[in-house]
Amino acid sequence: MPELPEVETVRRGLSPAMEGGVIARAQINRPDLRWPFPENMAGRLTGQKVLGLRRRSKYILIDLASGESLLIHLGMSGRMLVSGDPLGQFVHDHPAPEKHDHVVIDMENGARVTFNDPRRFGAMDLMPTKTAEDHPLLNKLGPEPLGNQFNADHLIAALKSRTMPVKSALLDQRIVAGLGNIYVCEVLFRAGISPKRRVSKISAPRIATLVPIIRDVLQEAIDAGGSSLRDFRQADGELGYFQHRFDVYDREGDPCRTPDCTGHIARVVQSGRSSFYCPSCQR
Ligand SMILES: [Zn+2]
C-alpha cells in the first residue's frame, strides 16, 4: 500500500509529464472506483492546462486552469504509469491497454498518464482549488509531517492527556497527516520507543525527539524514491514503488540492526495491523 513517500514519488514522476501541459483527452473507462467519478469528469479535464501538482498527505492534487483541482488517491493497489514522455533517461512507448486501466489522460505534449487499479480502493474527485482543503477527505487532516506546522509543540499538545499506544497515536491522521503502518514502525524503532507504550507514559522531551525522526525517516524514503525515478527499475514507466531498506518492517525474527543489540525483531498485532519492533532496544 503506497504511503507518503511513495505518493510523493508518484507526484514527482508525474510532474514533468503534466506540469505546464494541456490535457488533450481524458478517457474514463468505468463509472466509479471506490466512489463514483465526479460528473462529466472527462469534459472537465479536457482542454485544461495543468498549473501544478501538489501533495497533501497521501493525496495528489492536480491544479487546473479552470480553477478546479483533480484529487487522486492511489488506495491499496493503484498504480500510475507514464508513457510517451521522458522519465529520467527513458522514453516509454504507450503500453497495450490493460484490464484495470480505469483512467487514461493524454497530454498535448504526447505524454500519457494511465491509472490502473485492480482492487479499486483508489479515488478521484474534482473540486474548486480555492476550497480544496474543505474536501471531506482532506478537512480533518492534521499538519504535514514535513511542513512547518508539524513541530514539537504541536505533537506534545496533540498527545497530551491521550492514553492510546504511541503506534495508534502516530497513525491518527488528525495528529499528523500521511503516516502509515510501515513508516510508523520505522520511526518508533529509531526513537527506541515500543509501539505498545502508552502516550501518557512518554515524557514531553522524548515526544519532541519524534519530530526530527519522523522527518528523517520520510525524507530518506522520498530520496530513495527519487533515485528510483532515475533507475532502471522504472524502465516500465511505473511510478511510486521502489526498493527501500526497512530496519524493522517485515523483518520478524531477523536480528536487530542496533549496534551491540542481540535482540530479534518481533511482531505484534495492534488494531488489526502488524507492528514490528525490537523488544530489547525499544522500551
Ligand atoms: Zn534491538
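**A tour from the zinc site outward**

Start with the zinc ion, whose donor residues follow the spacing C-x4-C-x16-C-x2-C in sequence. This is a predicted model, in which local features need pLDDT of at least 70, side-chain atom pairs count only at pLDDT 80 or more, and totals for chains, interfaces and linings use all residues. Residues are numbered from 1 along each chain as its sequence is written, and side-chain values use heavy atoms, with hydrogens and water left out.

Select C256, C261, C278 and C281: the SG atom of each coordinates the zinc ion at 2.3 Å. Donors are N, O and S atoms within 2.8 Å of the metal (3.2 Å for Na, K and Ca); water is not among the atoms, so sites may look incomplete. The angles among the 4 donor atoms run from 103 to 122°, and the site is tetrahedral (four donors with all angles between 85 and 135 degrees).

C256 counts as buried because its relative accessibility is 8%, while C281, at 23%, counts as partly exposed. Buried means under 20% relative accessible area, exposed over 50%, and partly exposed in between (1.4 Å probe, protein chains only).

Now go to M1, in the segment before α1 (4–18). Helices (H or I, at least four residues) and strands (E, at least two) are DSSP runs, numbered from the N terminus. M1 counts as exposed because its relative accessibility is 54%.

Of the 283 residues, 53% are buried.

Technical notes. Tetrahedral: all angles 85-135°; square planar, octahedral: opposite > 155°, others 65-115°.
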